[in-house]
Amino acid sequence: GTGVVHQAPYFGEDDHRVCLSHGIISKDGEIVCPIDSKGRFIEPVNDFLGQYIKDADKNIIKNLKQRGRMFRDATMNHNYPFCWRSDTPLIYRAIPSWFIRVEQFRDRLLERNTNTYWVPEYVKEKRFANWLKDARDWAVSRNRYWGTPIPIWTSEDQQEVVCVGSIEELEQLSGVKVTDLHRETVDAITIKSKTGKGLLKRVPEVFDCWFESGSMPYAQQHYPFENKHTFEESFPADFIAEGIDQTRGWFYTLLVISTALFDKPPFKNLIVNGLVLASDGQKMSKRKKNYPDSTEVMGKYGADALRLYLITSPAVRAENLRFREEGVKDILKDVLIPWYNAFRFFTQNVQLYEMDSKKPFMVVEQEQLQLENITDCWIMSFTQSLVKFVVDEMQQYHLYKVVPKLVKFVDNLTNWYVRMNRPRLKGQGGEQDCRTALSVLYHVLLIMSRLMAPFTPFITELLYKDLKNLLPGDKSKHAESVHHLSIPSVVQKQIDVVIERKVSNMQRVIELGRVIRDRRTLPLKYPLAKVVVISREESVTEDIEELSDYIKLELNVLDVETSDDKDKFNVKIKAMPDIKLLGARLRGDSKNVVEAIRKMSELDLQDYQQDPENYLVSGQKLEQGELRLVYSFGDENQSATGDKDGGSDYEAHSDGGLVVLLHVKPDQKMFDQGLAREFINRIQKLRKKAGLVPTDPADVEYFIDGEDVGQCDEIQRVVDEYRDHICTTIKSSLTRLNAKPNSSTQNGEIMRDVASLKDCNLVMLLMKRT
């Protein structure tokens, strides 16, 4: 090529920048733009005067050919801007505008930016700071009708300029009473020239709407004309929040105007949100209908579920979120429903307490609780630790850290505390123990409602409306709404990090044991002989021994054994790479990673298990499924018990810090206990199906029927052997029918059902208690 590049400095940003940097044009020089507002040529382009630019193309080509200036005529396909409304071609065109000279105080903008606190920090330090470094003079005028009129009056030759600072000043200069600041009014107002240039008229432009947004802190207070003291007390703002797309919008214009006016930032703290996209990663579009209607989503799952889904998403870390309706459903299923069920369980057992004790339930005040049960101490400590965490993190605007912790707490409350204390909460430990456990659960639910109120305002209000009725003291003095309360203060003396550690270690064992049960398809209803916990940390084994009763109940095992010696049980652990997954992702690098995985020692594997997401193997982070841990027990014919039985009685699993061995071969007694629990489960399901709550009295009649008479007799043998346990659990009498009941409803019958149990039919009748 010739190396010659055509430049049109007033018809493209890059052309303008290049010509400016090489001195071909100047910022304050005359604009050379021979096109009017309708895209037609004007003077000095006389050959094509009045022609629309696109229509003139063929005439320009013809003119060049006639003059012998045409080298080649061709058509090329390339990207070109089109109007999104009319779908017609556009052309960039420079027009006179009013600017704020931002470039002359860039350094001040960068300095003021350092005085602010952003979440996340990288948006401030990288994206926004980089934008400020290249900040250009800001064109604040727009050639439209609708908008705030720019308050500048000029003479016809533009040499006399008056910028009006208030309505009062405009009235003084014009002699006209001003009651309306819209264009149709102020455009008619003129100001007499002080230099003999006749009448000054307002310029036709209006303000860029972003100038108005950036002026929000002052405009909302009508500063400086009113509320001067109020403005000075509240400026800069404590915090603002907006989407990451506002780094070049509102965040920028706020900072420019406040720095120009006051040389200070307009806010102290800023939370940056990411953008919510459609599930396919595209922008949500009404035209494409690529997202579910938010009203329908809230109608299905509730506003709280939608709020919690968004608050726990990447959007609160300034990252984009691909919206999935299934995610909202999961929040409802995994968080809100279990939380509400814990509350409902509490209210049902308060009724049961009052029915059994024949007196109203009185909550033991938090300061007067005498806690002896370790799970009571744990949940109260965990709750206060949560309050402390929330206060500390919210002061730093770490929303993305707070909500996951709250969600995890719901899991600890529902799946651990309530689950482990069901018998106590139902009164099986005595009246005083029941009252203590119910009081603990009450205080936890109340604190949870106050903590979660900003995030899930509706369910917390619903729970508080009931919970406040049990608050001690004068009920008229209790807050009417949970939203009238602040976050509770931390009760430091209730925080016990040792107890929290003990329960955490217990949970690790139980979770590992459950994984083994799932892997071997061993239902929790069937008891197993033993669980062995191996750890080199003495504090861990001591914690496990102290809480062994809970482990026995949760894993349904008869014995818990601890050890610090894996070799005693011949436990071996090794890593197996998934060659297919690694090859697909790493290609040529996979060979080194596969080899390194195979060579990992047990200490390496412990380090990996403690932080698998950040552990490096041959310089590479591993993704899920690329490394599998395999446990074995030494010689393939040597069991963990040391018996030569051709296989092991144990299955192992580990989280890196400890190894759990679960005895996976049940004996007959364990089968019997499991069958008794299944029998109880069928009756409890019938009670639930009938809509009964624990306080509703009902008796049970049953008949076991099936082709396998021996199996039916076996079920009856287990029922007879565990009758007392069954009756205590279901809180009902249990009567065996001599014959299968006919299909007609019997006197006093509430509901009946037929359930399958070990290939037999269990016919059950719920009867009103006489």
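Visitor: How many salt bridges are counted between domain 3 and domain 4?

Guide: This is a predicted model. The count of salt bridges between domain 3 and domain 4 is 0. Polar contacts form a separate entry: 3 residue pairs, both partners at pLDDT 80 or more, are found across this interface.

Visitor: How many residues of domain 3 and of domain 4 are in contact, and what area do the two domains bury between them?

Guide: On the side of domain 3, 8 residues take part, and they meet 9 residues of domain 4. The buried area amounts to about 790 Å², with 63% of it on carbon and sulfur atoms.

Visitor: Let us turn to the rings. How is a pair of aromatic rings described?

Guide: Two quantities are used, namely the distance of the centres and the angle of the planes. In this structure there are 29 aromatic pairs.

Visitor: Why is the pair of F231 and F235 called stacked?

Guide: The planes of F231 and F235 stand at 25°, with the ring centres 4.9 Å apart, so the pair is stacked; the cut-off for stacking is an angle under 30 degrees. F231 has 3% relative accessibility and therefore counts as buried. F235 is likewise buried, at 9%.

Visitor: What are the distance and the angle for Y608 and Y615?

Guide: Y608 and Y615 are edge-to-face, with 80° between the planes and 5.9 Å from centre to centre.

Visitor: Is Y608 buried or exposed, and is Y615 buried or exposed?

Guide: Y608 is buried, with a relative accessible area of 12%. Y615 is buried too, its value being 18%.

Visitor: Which residues do ring pairs link into a cluster?

Guide: Ring pairs join W118, F128, W250, F251 and F267 in this way.

Visitor: Which residues lie over the faces of F389 and W416?

Guide: Over the face of F389 lies K405, 4.8 Å from the ring centre. Over the face of W416 lies R514, at 4.9 Å from the ring centre.

Methods
Residues numbered from 1 in each chain as written. Predicted model: local features only at pLDDT ≥ 70, side-chain atom pairs only at ≥ 80, totals over all residues. Heavy atoms only, no water. Phe/Tyr/Trp six-rings, centres within 6.5 Å; stacked < 30°, edge-to-face > 60°. Buried < 20%, exposed > 50% of the residue type's maximum accessible area, 1.4 Å probe, protein only. Lys NZ or Arg CZ within 6 Å of the ring centre and 35° of its normal. Contact = heavy atoms within 4.5 Å. Buried area = accessible area lost by both parts, 1.4 Å probe. Salt bridge = Lys/Arg side-chain N within 4 Å of Asp/Glu carboxyl O. Polar contact = N/O pair within 3.5 Å; in protein donor to acceptor, adjacent residues only side chain to side chain.
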